[in-house]
Structure formats: structure tokens, C-alpha cells
Amino acid sequence: MLKELQLSLSVILLLSCGFLYRLSMKSSCHFSCLPPYKSQQGPEGLLGKRRSIVFIETSERMEPPPLVSCAVESAAKIYPEQPVAFFMKGLSNSMQPPPNSTYPAFSLLSAIDNVFLFPLNMKKLFEDTPLFSWYTQINTSAERNWLHVSSDASRLAIIWKYGGIYMDTDVISIRPIPEENFLAAQSSQYSSNGVFGFLPRHSFLWECMENFVEHYDSDIWGNQGPNLMTRMLRVWCKLKDFQEVSDLKCLNLSFLHPQRFYPISYPEWRRYYEVWDTDPSFNNSYALHLWNYMNQEGRAVVRGSNTLVENLYRQYCPRTYRHLIQGSEGLVTGKLGPGNK
């Protein structure tokens, strides 16, 4: 009887030690503890197999601000069976951070099963596309809007090569997008490039890349982005005004109503940071573009404020809200990135 008791206690002690060891390892993980399949599998082997959700960071920033973290987390939550790929230029060709540094948001996103973080190598990305000759000849240091222009180019090439849905990093997903080939209307007869989706090798995106190079003028804001998408859409389709909340169809392309992603228009972007008597249902929307580029005031999500954006964080990106959002005494915010238009 005594031996059996001693054996049981030994087994319990052994299991407890193993649990504590795993817990301590998990709490200290940042980049080095990524599962092998996540750290070794490249985009070529992952994104072409299943319809993916794509985000891009063209600056060298390594720690995503809370809004970026929320955008990626919400996509992973809404599309649990699909890979969510976050391409970051700051990763270069390595998956390791600078030594002696911690990145809580990066660690948070890395821990989500269907989120994959990849280096953004533009030269390799643009190979075999109309963008390659443009990229190899341009003087990036002389480009005033290079972060935004390079983001515009990268999203076209990635979705053309691998297919899937591209989203800006200030877009919070709230329900799945049912369309395969689509553009998102920002207003009647004007397309955004903050959200779009296509099957791989779609000719519309190839023609967009050709037009990108042929009519390149980075000094005109939006010329390589929403203006480009609108130009090409008008070539493909005879645009009409939207009727009620119905999408438009043209060939094998859908032009989605502004309510799908822009129920709050950019002049009213501050409404996301206000307290509403009753939060809107957004029943006609698939995702919400928060217009972070307009947020030059640096408005942030504040725990306990009961603003619309705080309630969106709580519902659609609970990990981000729980770990990265503070109260009014310690605001969490971040600089604007090129994917926050």
C-alpha cells in the first residue's frame, strides 16, 4: 500500500514538473518557439493550396500596433480554416527578431494557429510580373510616398501569384466574404484597393500591374492604388450606381457595395472612437475599414471607454484587447503604417 502511494505521488510530481516546464517555456516564447511547420513553410507551399487572407507591412516596423494586431487576429477568427499571411519587410530573410528584444503583438499573432508571418522580399515577389522592371530601375530614396506605393504594388503581385483576399491592416473582419473575384466600392463608381480578392493568376490583376507601370506617377496620391483599381474597373465594366444594398456584377468580377467595408465613410471616421447609444449591427458588412490614415490625432482604443471601436476589439479581436489595450492612464497606440489607409 505504501509503495503504491509513493508511486502515485511520484507520477503526480513528474506530471506537475512537466506542466510547469511547458508553461515556463510558453511564457518566454516570442519568435523562437514558433511551431516548426509555421517557421519553415514558405508562402509558395502554403498560400496556393487554400484561399488565404493577406496583410502587408512595407516599413521596417517589427512590432505591430494594436490596430494591426486586431486586424490580423479578427481575420484569423473569422476564417479559422484558412491561412492568414502577414508579410513584413522588417523580417528580411530571417524569422528572428533583433537580440534582447520583445514583441508582445508579434508574439500574440505568432501563437495563433492559422497566422503565418513571412518576410516581404519585393525583388523576388515581383519576378515574372510586369512590376519587376519598374522595381529594379526605380530610385526608392527619391520616392516621396514609397511605403504606400510599394504596398500598392506588393498587394497586386501577391494576390496575382497566390490568390486570396488582401486587406489593409486597419480592416477588422466581422463575417466571411462569400465572393471569389471582387473589388470593394469606397463610394459609388469608385473602387478602393484596401480590400480585394481574386483567384490566382487572374487577368484583371495582371492588367492592373501593367497599368501600374505604364501610368506610374507616385506624386499623385492614390494613383497607384484606388485610382488604379477604378481606372481598370472602368475598362472592364460599364459602371452603374448601386441600387439599395446590392452588389454589381461584371463578367466574373463583383463590385461590392460600400456598405460591405465602408459603412462609416472617411469624413466620419471619428465615429469609431465615439460612444454610441446603441452599437450598430453592421448586418450588411463583411469587414470594417477604420480609416487609420485619417487618424493624425493619434486616437487610440481605451479600455473601459465603451466606444464603438473598443466594443469591436472586445468582440472580434479578444486576445489583442486582453493583452495590448490599456486604460486611460496608459494608452496603447502606434505610428501609421502603409497598410492603414
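**Figure 1. The whole chain at a glance.** The chain has twelve helices and ten strands, where helices (H or I, at least four residues) and strands (E, at least two) are DSSP runs numbered from the N terminus. This is a predicted model, in which local features need pLDDT of at least 70 and side-chain atom pairs count only at pLDDT 80 or more, while totals for chains, interfaces and linings use all residues. Residues are numbered from 1 along each chain as its sequence is written, and side-chain values use heavy atoms, with hydrogens and water left out. Of the 341 residues in the chain, 53% are buried; buried means under 20% relative accessible area, exposed means over 50%, and partly exposed lies in between (1.4 Å probe, protein chains only). Among the contacts with a separation of 6 or more, 77% join residues 24 or more positions apart, a contact being heavy atoms within 4.5 Å.

**Figure 2. Two nonpolar cores.** A nonpolar core is a set of buried Ala, Val, Leu, Ile, Met, Phe, Trp, Tyr and Cys residues joined through side-chain atoms within 4.5 Å. The largest one has 57 residues, and those touching the most other members are Phe 55, Met 167, Ile 177, Val 195, Phe 261, Tyr 272 and Tyr 313. Helix H4 (residues 66–78) gives the largest share of this core, eight residues. Apart from this core lies another, of 46 residues, including Trp 134, Trp 146, Met 229 and Cys 250.

**Figure 3. A closer look at Ile 177.** Leaving aside residues up to four places away in sequence, Ile 177 touches Tyr 79, Ile 165, Met 167, Phe 182, Val 195, Phe 261 and Tyr 286.

**Figure 4. Strand E9 and its two partners.** In a regular strand the side chains alternate between the two faces of the sheet. Look for this in strand E9 (residues 253–256): Leu 253 and Phe 255 point one way, Ser 254 and Leu 256 point the other way, and all are buried. Two strands pair if DSSP finds at least two bridges between them. Strand E6 (residues 182–187) pairs with E9 in the parallel sense over three bridges, and Leu 183 has Phe 255 as its bridge partner in E9.

**Figure 5. Strand E3 and its neighbor E2.** Four of the five residues of strand E3 (residues 115–119) are buried, so this strand is largely enclosed by the rest of the structure. Strand E2 (residues 84–88) pairs with E3 in the parallel sense over five bridges.

**Figure 6. Helix H9 and the face it buries.** Helix H9 (residues 203–214) has twelve residues and reaches 16 Å from its first C-alpha to its last, close to the 16 Å expected at 1.5 Å a residue; the expected span is 1.5 Å times one less than the number of residues. Its buried residues are Phe 204, Leu 205, Cys 208, Met 209, Asn 211 and Phe 212. Seen down the axis of H9, they fall within an arc of 165 degrees, so they line one face of the helix; the arc is that of the directions from the helix axis to the C-beta atoms. The buried residues of H9 pack against helix H7 (131–137), helix H8 (146–162), E6, strand E7 (190–198), helix H10 (226–236) and E9.

**Figure 7. Asp 168 in its loop.** Asp 168 sits in the loop between strand E4 (164–167) and strand E5 (171–173). At 0% relative accessibility, Asp 168 counts as buried. A polar contact of 3.3 Å joins its side chain to that of Arg 155; such a contact is a pair of N or O atoms within 3.5 Å, where, within protein, one must be able to donate a hydrogen and the other to accept it, and residues adjacent in sequence count only if both atoms are side-chain atoms.

**Figure 8. Arg 51 and its surroundings.** Arg 51 is found in the loop between helix H3 (43–46) and strand E1 (53–57). The C-alpha atoms of Arg 51 and Pro 83 are separated by 7.4 Å, although these residues are 32 residues apart along the chain. A polar atom of the Arg 51 side chain lies 3.1 Å from the backbone oxygen of Glu 179.
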